[in-house]
Amino acid sequence: MALMETFYLSHGAPTLAIDETVPARKFFQSWQQSVYKEKPSSILVISAHWETAQPTVNVVDRNDTIYDFYGFPKPLYQIKYTPPGAPELAKRVKELLLASGIEHVDEDKKRGLDHGAWVPLMFMYPEADIPVCQLSVQSDRDGTHHYNMGKALAPLREEGVLILGSGSAVHNLGSRLPDGRPVPSWALEFDNWLKDALIEGRYEDVNHYESKAPHPKMAHPRPDHFYPLHVAMGAAGEDSKAKLVHSSWTDGTLSYASYQFTAPK
(Lines give C-alpha, C1' and ligand atoms only; values in the text may rest on other atoms or scores of the structure.)
Protein backbone atom coordinates (compact mmCIF):
# COMPACT_ATOMS: atom_id res chain seq x y z
CA MET A 1 0.00 0.00 0.00
CA ALA A 2 1.48 3.33 -1.09
CA LEU A 3 1.58 6.13 1.47
CA MET A 4 1.12 9.74 0.40
CA GLU A 5 2.24 11.34 3.65
CA THR A 6 5.45 12.06 5.51
CA PHE A 7 5.73 13.80 8.88
CA TYR A 8 7.99 16.07 10.88
CA LEU A 9 7.42 15.55 14.60
CA SER A 10 8.68 17.82 17.37
CA HIS A 11 9.51 15.52 20.28
CA GLY A 12 10.74 18.11 22.81
CA ALA A 13 12.43 16.80 25.96
CA PRO A 14 12.80 13.12 26.96
CA THR A 15 10.44 13.74 29.89
CA LEU A 16 7.57 13.69 27.38
CA ALA A 17 7.69 9.93 28.07
CA ILE A 18 6.76 10.28 31.76
CA ASP A 19 5.32 13.79 32.26
CA GLU A 20 1.55 13.79 31.76
CA THR A 21 1.41 17.59 31.84
CA VAL A 22 3.26 17.99 28.54
CA PRO A 23 0.55 19.08 26.06
CA ALA A 24 2.07 17.19 23.11
CA ARG A 25 1.54 13.85 24.88
CA LYS A 26 -2.13 13.80 23.91
CA PHE A 27 -1.21 14.49 20.28
CA PHE A 28 1.13 11.49 20.14
CA GLN A 29 -1.30 9.28 22.08
CA SER A 30 -4.10 10.09 19.61
CA TRP A 31 -1.93 9.30 16.58
CA GLN A 32 -3.70 6.19 15.29
CA GLN A 33 -7.18 7.43 16.17
CA SER A 34 -7.01 11.04 15.02
CA VAL A 35 -3.85 11.82 13.08
CA TYR A 36 -2.85 8.89 10.89
CA LYS A 37 -4.96 5.75 10.60
CA GLU A 38 -2.94 3.97 7.91
CA LYS A 39 -0.71 1.17 9.20
CA PRO A 40 2.69 1.32 7.52
CA SER A 41 4.71 -1.74 6.54
CA SER A 42 7.72 -0.23 8.31
CA ILE A 43 8.92 3.11 9.69
CA LEU A 44 12.00 5.15 8.83
CA VAL A 45 12.93 7.70 11.51
CA ILE A 46 15.37 10.53 10.87
CA SER A 47 16.24 11.64 14.39
CA ALA A 48 18.03 14.76 15.59
CA HIS A 49 19.84 12.59 18.12
CA TRP A 50 21.92 10.60 15.66
CA GLU A 51 24.60 12.75 14.05
CA THR A 52 27.29 11.20 11.84
CA ALA A 53 29.79 12.41 9.26
CA GLN A 54 28.16 10.26 6.55
CA PRO A 55 24.52 9.17 6.24
CA THR A 56 24.20 6.01 8.31
CA VAL A 57 21.42 3.44 8.78
CA ASN A 58 21.00 1.04 11.67
CA VAL A 59 20.87 -2.55 10.47
CA VAL A 60 19.54 -4.67 13.33
CA ASP A 61 16.99 -7.44 13.83
CA ARG A 62 15.67 -5.97 17.09
CA ASN A 63 15.98 -2.37 18.27
CA ASP A 64 17.33 -1.73 21.76
CA THR A 65 16.21 1.32 23.75
CA ILE A 66 19.00 3.92 23.93
CA TYR A 67 19.00 6.24 26.96
CA ASP A 68 20.94 9.07 25.33
CA PHE A 69 20.47 11.58 28.17
CA TYR A 70 21.52 11.94 31.79
CA GLY A 71 20.25 13.46 35.01
CA PHE A 72 16.59 12.60 34.44
CA PRO A 73 14.17 10.79 36.80
CA LYS A 74 14.78 7.05 37.24
CA PRO A 75 11.44 5.93 35.69
CA LEU A 76 12.63 7.29 32.35
CA TYR A 77 15.48 4.76 32.33
CA GLN A 78 13.09 1.88 33.04
CA ILE A 79 11.04 2.31 29.87
CA LYS A 80 11.64 -0.31 27.19
CA TYR A 81 10.57 0.19 23.58
CA THR A 82 12.04 -2.56 21.41
CA PRO A 83 10.27 -2.90 18.05
CA PRO A 84 11.71 -5.15 15.33
CA GLY A 85 14.53 -3.72 13.29
CA ALA A 86 14.11 -3.27 9.55
CA PRO A 87 17.34 -4.53 7.95
CA GLU A 88 15.78 -4.83 4.50
CA LEU A 89 14.54 -1.25 4.71
CA ALA A 90 18.01 -0.15 5.84
CA LYS A 91 19.56 -1.76 2.74
CA ARG A 92 16.92 -0.09 0.55
CA VAL A 93 17.63 3.33 2.11
CA LYS A 94 21.33 2.83 1.45
CA GLU A 95 20.63 1.78 -2.16
CA LEU A 96 18.45 4.85 -2.86
CA LEU A 97 20.90 7.30 -1.29
CA LEU A 98 23.85 5.88 -3.21
CA ALA A 99 21.85 5.97 -6.45
CA SER A 100 21.13 9.67 -5.84
CA GLY A 101 24.83 10.53 -5.91
CA ILE A 102 25.71 10.37 -2.22
CA GLU A 103 29.14 8.75 -2.20
CA HIS A 104 29.14 6.96 1.15
CA VAL A 105 26.36 5.47 3.27
CA ASP A 106 27.44 3.56 6.36
CA GLU A 107 25.76 0.74 8.26
CA ASP A 108 25.63 0.50 12.04
CA LYS A 109 24.88 -3.08 13.05
CA LYS A 110 24.52 -2.46 16.79
CA ARG A 111 22.63 0.79 17.30
CA GLY A 112 19.01 0.72 18.48
CA LEU A 113 16.58 3.65 18.83
CA ASP A 114 17.52 6.95 20.46
CA HIS A 115 14.92 8.98 22.35
CA GLY A 116 14.10 11.05 19.28
CA ALA A 117 12.62 7.84 17.90
CA TRP A 118 11.35 5.79 20.83
CA VAL A 119 9.74 8.55 22.89
CA PRO A 120 7.18 9.57 20.23
CA LEU A 121 6.83 6.01 18.88
CA MET A 122 5.97 4.56 22.29
CA PHE A 123 2.78 6.64 22.19
CA MET A 124 2.11 6.45 18.45
CA TYR A 125 2.60 2.69 18.09
CA PRO A 126 2.60 1.28 21.65
CA GLU A 127 2.30 -2.27 20.34
CA ALA A 128 5.91 -1.96 19.09
CA ASP A 129 5.12 -4.42 16.30
CA ILE A 130 6.12 -2.34 13.25
CA PRO A 131 9.74 -2.66 12.07
CA VAL A 132 11.74 0.55 12.56
CA CYS A 133 14.94 1.78 10.91
CA GLN A 134 16.86 4.95 11.77
CA LEU A 135 18.79 7.26 9.44
CA SER A 136 21.29 9.80 10.79
CA VAL A 137 21.68 13.53 10.11
CA GLN A 138 24.85 15.40 9.14
CA SER A 139 24.96 18.59 11.18
CA ASP A 140 27.95 19.95 9.28
CA ARG A 141 25.94 19.92 6.04
CA ASP A 142 23.00 22.19 5.11
CA GLY A 143 19.24 22.01 4.66
CA THR A 144 19.52 21.33 0.95
CA HIS A 145 21.65 18.23 1.59
CA HIS A 146 18.93 16.82 3.83
CA TYR A 147 16.13 17.87 1.47
CA ASN A 148 17.90 16.00 -1.33
CA MET A 149 18.25 12.94 0.89
CA GLY A 150 14.49 13.09 1.37
CA LYS A 151 13.90 13.37 -2.39
CA ALA A 152 16.02 10.27 -2.92
CA LEU A 153 13.92 8.37 -0.36
CA ALA A 154 10.54 9.29 -1.89
CA PRO A 155 10.12 5.83 -3.55
CA LEU A 156 9.86 4.31 -0.07
CA ARG A 157 6.39 5.79 0.26
CA GLU A 158 5.26 3.62 -2.66
CA GLU A 159 6.50 0.64 -0.65
CA GLY A 160 4.38 1.45 2.40
CA VAL A 161 7.17 3.00 4.48
CA LEU A 162 6.21 5.82 6.85
CA ILE A 163 8.95 8.46 6.85
CA LEU A 164 9.19 10.45 10.10
CA GLY A 165 11.57 13.30 10.81
CA SER A 166 11.93 13.83 14.56
CA GLY A 167 13.34 17.04 16.02
CA SER A 168 11.90 20.30 17.38
CA ALA A 169 10.60 23.25 15.40
CA VAL A 170 12.28 25.61 17.87
CA HIS A 171 15.04 24.13 20.03
CA ASN A 172 17.12 26.39 22.26
CA LEU A 173 17.98 24.56 25.48
CA GLY A 174 20.21 27.38 26.69
CA SER A 175 17.33 29.86 26.78
CA ARG A 176 14.69 27.72 28.49
CA LEU A 177 12.25 29.50 30.80
CA PRO A 178 10.20 28.32 33.77
CA ASP A 179 6.83 26.89 32.70
CA GLY A 180 4.15 29.54 32.70
CA ARG A 181 6.42 32.25 31.33
CA PRO A 182 5.37 33.62 27.93
CA VAL A 183 7.12 32.36 24.82
CA PRO A 184 9.76 34.94 23.77
CA SER A 185 9.00 37.00 20.67
CA TRP A 186 12.02 35.63 18.77
CA ALA A 187 10.77 32.05 19.25
CA LEU A 188 7.22 32.91 18.16
CA GLU A 189 8.47 34.80 15.12
CA PHE A 190 10.56 31.85 13.93
CA ASP A 191 7.77 29.35 14.64
CA ASN A 192 5.22 31.46 12.75
CA TRP A 193 7.63 32.05 9.85
CA LEU A 194 8.15 28.30 9.54
CA LYS A 195 4.42 27.60 9.57
CA ASP A 196 3.73 30.20 6.88
CA ALA A 197 6.66 29.09 4.71
CA LEU A 198 5.62 25.43 4.84
CA ILE A 199 1.91 25.99 4.27
CA GLU A 200 2.67 28.34 1.37
CA GLY A 201 5.03 25.75 -0.15
CA ARG A 202 8.13 27.93 0.13
CA TYR A 203 10.36 24.92 0.64
CA GLU A 204 13.44 26.60 -0.84
CA ASP A 205 13.14 29.31 1.81
CA VAL A 206 13.08 26.59 4.46
CA ASN A 207 16.13 24.95 2.87
CA HIS A 208 17.92 28.31 3.24
CA TYR A 209 16.37 29.22 6.58
CA GLU A 210 19.65 30.68 7.89
CA SER A 211 19.24 33.66 5.55
CA LYS A 212 15.43 33.66 5.16
CA ALA A 213 14.02 33.12 8.64
CA PRO A 214 13.93 35.55 11.57
CA HIS A 215 16.28 34.67 14.44
CA PRO A 216 17.56 31.39 12.96
CA LYS A 217 20.50 31.06 15.36
CA MET A 218 18.32 31.67 18.39
CA ALA A 219 15.72 29.16 17.23
CA HIS A 220 18.40 26.59 16.36
CA PRO A 221 21.84 27.26 17.86
CA ARG A 222 22.70 23.94 16.21
CA PRO A 223 20.78 22.57 13.21
CA ASP A 224 20.43 18.94 14.37
CA HIS A 225 16.79 19.31 15.46
CA PHE A 226 15.81 21.11 12.26
CA TYR A 227 17.34 18.92 9.54
CA PRO A 228 14.91 16.01 10.05
CA LEU A 229 12.25 18.43 8.77
CA HIS A 230 14.12 18.83 5.49
CA VAL A 231 14.25 15.07 4.95
CA ALA A 232 10.51 14.65 5.56
CA MET A 233 9.78 17.64 3.33
CA GLY A 234 11.94 16.31 0.49
CA ALA A 235 10.48 12.81 0.73
CA ALA A 236 6.99 14.17 0.04
CA GLY A 237 8.19 16.16 -2.99
CA GLU A 238 8.31 19.80 -4.05
CA ASP A 239 4.59 19.83 -4.94
CA SER A 240 3.45 18.37 -1.62
CA LYS A 241 1.06 20.18 0.68
CA ALA A 242 2.08 20.91 4.26
CA LYS A 243 -0.35 20.96 7.17
CA LEU A 244 0.26 21.88 10.81
CA VAL A 245 -1.02 18.90 12.82
CA HIS A 246 0.03 20.02 16.31
CA SER A 247 1.34 23.11 18.06
CA SER A 248 2.32 23.60 21.70
CA TRP A 249 5.25 24.79 23.82
CA THR A 250 7.19 23.85 26.93
CA ASP A 251 10.02 25.68 28.69
CA GLY A 252 9.36 28.79 26.60
CA THR A 253 11.80 27.76 23.88
CA LEU A 254 10.78 24.23 22.87
CA SER A 255 8.18 24.24 20.10
CA TYR A 256 6.29 21.02 19.48
CA ALA A 257 4.94 22.22 16.11
CA SER A 258 4.53 19.13 13.94
CA TYR A 259 3.72 18.90 10.24
CA GLN A 260 2.22 16.50 7.75
CA PHE A 261 3.37 16.61 4.13
CA THR A 262 1.05 15.07 1.53
CA ALA A 263 2.36 14.24 -1.92
CA PRO A 264 0.16 14.99 -4.94
CA LYS A 265 -1.79 12.02 -6.31
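Figure 1. Strand 11 (residues 258-262) is mostly covered, since four of its five residues are buried. Buried denotes a relative accessible area under 20%, exposed one over 50%, and partly exposed a value in between (1.4 Å probe, protein chains only). Strands (E, at least two residues) and helices (H or I, at least four residues) are DSSP runs, numbered from the N terminus. The model is predicted: local features need pLDDT of at least 70, side-chain atom pairs count only at pLDDT 80 or more, and totals for chains, interfaces and linings use all residues. Residues are numbered from 1 along each chain as its sequence is written, and side-chain values use heavy atoms, with hydrogens and water left out. Strand 11 pairs with strand 1 in the antiparallel sense over four bridges. With strand 8 (residues 241-246), strand 11 also pairs in the antiparallel sense, over five bridges. Two strands count as paired if DSSP finds at least two bridges between them. His246 stands opposite Ser258 of strand 11.

**Figure 2. Surroundings of Gln260.** Gln260 has its place in strand 11, and the bridge partner of Phe7 in that strand is Gln260. Is Gln260 buried or exposed? Gln260 counts as buried, because its relative accessibility is 11%. The side chain of Gln260 makes a polar contact with the side chain of Thr262, at 3.1 Å. A polar contact is a pair of N or O atoms within 3.5 Å; within protein, one must be able to donate a hydrogen and the other to accept it, and residues adjacent in sequence count only if both atoms are side-chain atoms. In a regular strand the side chains alternate between the two faces of the sheet. Leaving out residues up to four places away in sequence, Gln260 touches Glu5, Thr6, Phe7, Val35, Lys241, Ala242, Lys243 and Val245. Such contact means heavy atoms within 4.5 Å.

**Figure 3. The enclosed helix 4.** Helix 4 (115-124) has 10 of its 10 residues buried, so it is largely enclosed by the rest of the structure. Among these buried residues are His115, Trp118, Val119, Met122 and Phe123. The elements that cover the buried residues of helix 4 include strand 1 (5-10), helix 1 (24-29), helix 2 (31-35), strand 2 (42-51), strand 5 (132-137) and strand 6. Asp114 caps the N-terminal end of helix 4, with a side-chain oxygen 2.9 Å from the backbone nitrogen of Gly116.

**Figure 4. The largest cavity.** The structure holds one cavity of 30 Å³ or more, and the space in the largest cavity is about 30 Å³. On a 1 Å grid over the protein atoms alone, a cavity is a set of points where a 1.4 Å probe fits but cannot get out, whereas a pocket is an open set with protein on both sides within 12 Å along at least five of seven lines; lining residues have an atom within 4 Å of a point. Grid points are joined across faces, edges and corners, and a volume is the space filled by probe spheres set on the points. Leu9, Val45, Gly116, Ala117, Pro120, Leu121, Met124, Leu164 and Ser166 line the largest cavity. Helix 4 gives the largest share of this lining, five residues. Helix 4 and strand 6 (161-167) each supply at least two residues of the lining. By class, the lining has seven nonpolar, two polar and no charged residues. Ala, Val, Leu, Ile, Met, Phe, Trp, Tyr, Cys and Pro count as nonpolar, Asp, Glu, Lys and Arg as charged, and the others, Gly among them, as polar.

**Figure 5. The largest pocket.** The largest pocket has a volume of about 490 Å³. Of the 25 residues that line this pocket, Ala13, Pro14, Phe72, Leu173 and Arg176 are the closest to its centre. The lining of the largest pocket comprises 11 nonpolar, nine polar and five charged residues.

Figure 6. Ala128 has a positive phi of about 55° although it is not a glycine. Ala128 lies in the loop between helix 4 and strand 5 and counts as buried, at 16% relative accessibility. For His215, also a residue other than glycine, phi is positive and near 55°. His215 lies in the loop between helix 9 (209-212) and helix 10 (216-219), and is partly exposed, with a relative accessible area of 33%.
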